[in-house]
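Please read the numbered points against the displayed structure.

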Amino acid sequence: MIIATAALLRLIAMLGYQPVMFFNDSFDYLHVATDPYPHPLRPDGYAFLLWALKPFHSFALVAAVQHLMGLGIGVMIYALLRRKFRLPGWGAALAAAPVLLDAYQLQLEHLVLSDTMFTFLVMSAVTLLLWHDRPSWRIAAAVGLIIGLAWLTRSVGMPVLLGVLVYMLIRRSGWKLMAATLVACMLPVLAYMGWYRADSGKFAITESNGIFLYARVYKFADCHQMNNLPVSEYPLCTEPANRLPNSQDGIWNAQSPLNRYTGQRFSPENNALSNDFAKRAIMAQPFDYMKVVAHDFFKVFRWERTVFPDKATYAQYEFGKTSKPLPKWRMDHNSIASVEAQSYERGNAQTQVVEPFAGVARGYQDVFYLRGTMVGVILLVGLAGLVPMWRRFGGEALLPWTLATGLLLAPAATAEFDYRYVLPAVPLAALAAGLAFRPEGRATVSGWTRRLRGRSQQEPAPSTTASTPTSTASPNTPSDTGPQVTPEDAPAAT
């Protein structure tokens, strides 16, 4: 029932917003898919998917593939919990519901963005690893390869690799399986870095990690507290009174200090300067850094969704009433965003709002979405499920729970909070919460309960001897325990 409803909702989205919806970042991916090259801002994994689908000239096909990925994520959660960990059908379906029925997840799948593909790849790797108690080297290599592709889809895939390797170490999978996972993961990553070097002369994946880290420290960095700050980094200093409202303004706003340097914003020189400046700020002001990280991390769990970082950006995360024209941005000296989108589609690529389907999607999104507090509750349920399995470090649930928490923490630590960064963690958190109710965990909790009850029943009752009054009955008075026999009444021995 839930999977059928989820499929129907995705069909309504495809009918209501044809052929697909766009985000600002969409046109960078399209630009790479048009003429592949290693993008300095973000890795090209998702652009490769667009490139592979380009011969069909259909954004509707792109949307359909991503919606199938969304359904596949829900199916993986259900299959793991139902088939592998023996939860009842309704329990497994309930755990998959946050992914299958959340309106913002549905809308994210309909955007030309990397998040759905990244989530699908991570969930595929987790499913493969958890399905096999003792994975073979082929399974371990497949897990590593999938994580490598996820890393090339979003840079946050690197912490996923670390989480998987730590899990395998705790589970005592053996160094051979861990090596197979690591090698298989690094094969596509190193190949991509080699391509990057051939194109730009630097062995790297992007030229943006330092700039995004600079955005993280932009809100609190005080150059007066940094010792021996190089003169070349002075332009990155900003007095508190002149700072812009959001951390992202440190990158994208026209008044960003990065614009004080000449040349391209995401250049190797700017990235190196920003990275060094950010690390100096963190070392000089560690408590200020922890404060902004904690603020953005706990912002995930707020009940109400607020317009963030600005109205225009927030609107791109929702099903709208009107269609926006394709942007006329110049992607390079010879390319314009709208022209490349129309070339990819071989026709009009502008999103068309088709009623009444679009109205149904908007009405659904107004009501049926996963609030931040609900995400927090799901994480807490998963955390509670680790306790009964503490002798095994939480058992299989340790992997999805730590990955979910890490995916929520990574943006807060390296860039800034964004609503779209929350959704890839939800399937993992839901899987961990479902594992909290697996039969082994329930049996352990039942055993604890029985032992506690047994101890309470074995405790001796309080003594009443001191408070019992001494009997004043005469020797000849009958007693409740029978007649009293005195020595004088005893028969004489013969």
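1. Helices (H or I, at least four residues) and strands (E, at least two) are DSSP runs, numbered from the N terminus. On that basis, P356 falls in the loop between strand 2 (352-353) and helix 17 (357-367). The peptide bond joining E355 and P356 is cis, with omega at about 5 degrees.

2. On provenance, the model is predicted: local features need pLDDT of at least 70, side-chain atom pairs count only at pLDDT 80 or more, and totals for chains, interfaces and linings use all residues. Residues are numbered from 1 along each chain as its sequence is written, and side-chain values use heavy atoms, with hydrogens and water left out.

3. A cis peptide bond also joins F308 and P309, where omega is about -5 degrees. P309 belongs to the loop between helix 14 (286-299) and helix 15 (311-315). Most residues other than glycine have a negative phi, and most peptide bonds are trans.

4. H57, in the loop between helix 3 (45-53) and helix 4, has a positive phi near 50 degrees without being a glycine. H57 counts as buried because its relative accessibility is 18%; buried means under 20% relative accessible area, exposed over 50%, and partly exposed in between (1.4 Å probe, protein chains only). R172, likewise not a glycine, has a positive phi of about 55 degrees and sits in the loop between helix 9 (157-170) and helix 10 (175-200). With 71% relative accessibility, R172 counts as exposed.

5. The count of disulfides (pairs of cysteine sulfur atoms within 2.5 Å) comes to 1. The bond joins C223 to C237, with an S to S distance of 1.9 Å. Its torsion about the S-S bond is -105 degrees, so the link of C223 and C237 is described as left-handed. Both C223 and C237 lie in the loop between helix 11 (209-217) and helix 12 (249-252), so the pair ties together parts that are 14 residues apart in sequence. C223 is buried at 18% relative accessibility, whereas C237 is partly exposed at 21%. As for another cysteine, C185 is buried, with a relative accessible area of 0%.

6. The largest nonpolar core comprises 147 residues. Such a core is a set of buried Ala, Val, Leu, Ile, Met, Phe, Trp, Tyr and Cys residues joined through side-chain atoms within 4.5 Å. F22, L50, F59, V217 and F277 have the most contacts inside this core. Beyond its neighbours within four places in sequence, L50 is in contact (heavy atoms within 4.5 Å) with Y29, L30, A33, V62, V112 and Y344.

7. A63 is placed in helix 4 (residues 59-84) and is buried at 0% relative accessibility. Setting aside neighbours within four places in sequence, A63 contacts M14, P19, V20, E109 and H110.

8. Which residues form the nonpolar patch on the surface? They are L8, L11, L15 and F357, with about 330 Å² of accessible area together. Patches are made of residues with over 30% relative accessible area and no salt bridge, like charges being joined within 9 Å and nonpolar side chains (Val, Leu, Ile, Met, Phe, Trp, Tyr) within 5 Å. A salt bridge is a side-chain nitrogen of Lys or Arg within 4 Å of a carboxyl oxygen of Asp or Glu. Accessible areas come from the Shrake-Rupley method with a 1.4 Å probe; for residues, only the protein chains shown count as cover. Helix 1 (residues 2-16) gives the most to the patch, with 3 residues. L8 is found in helix 1 and counts as partly exposed, at 48% relative accessibility.
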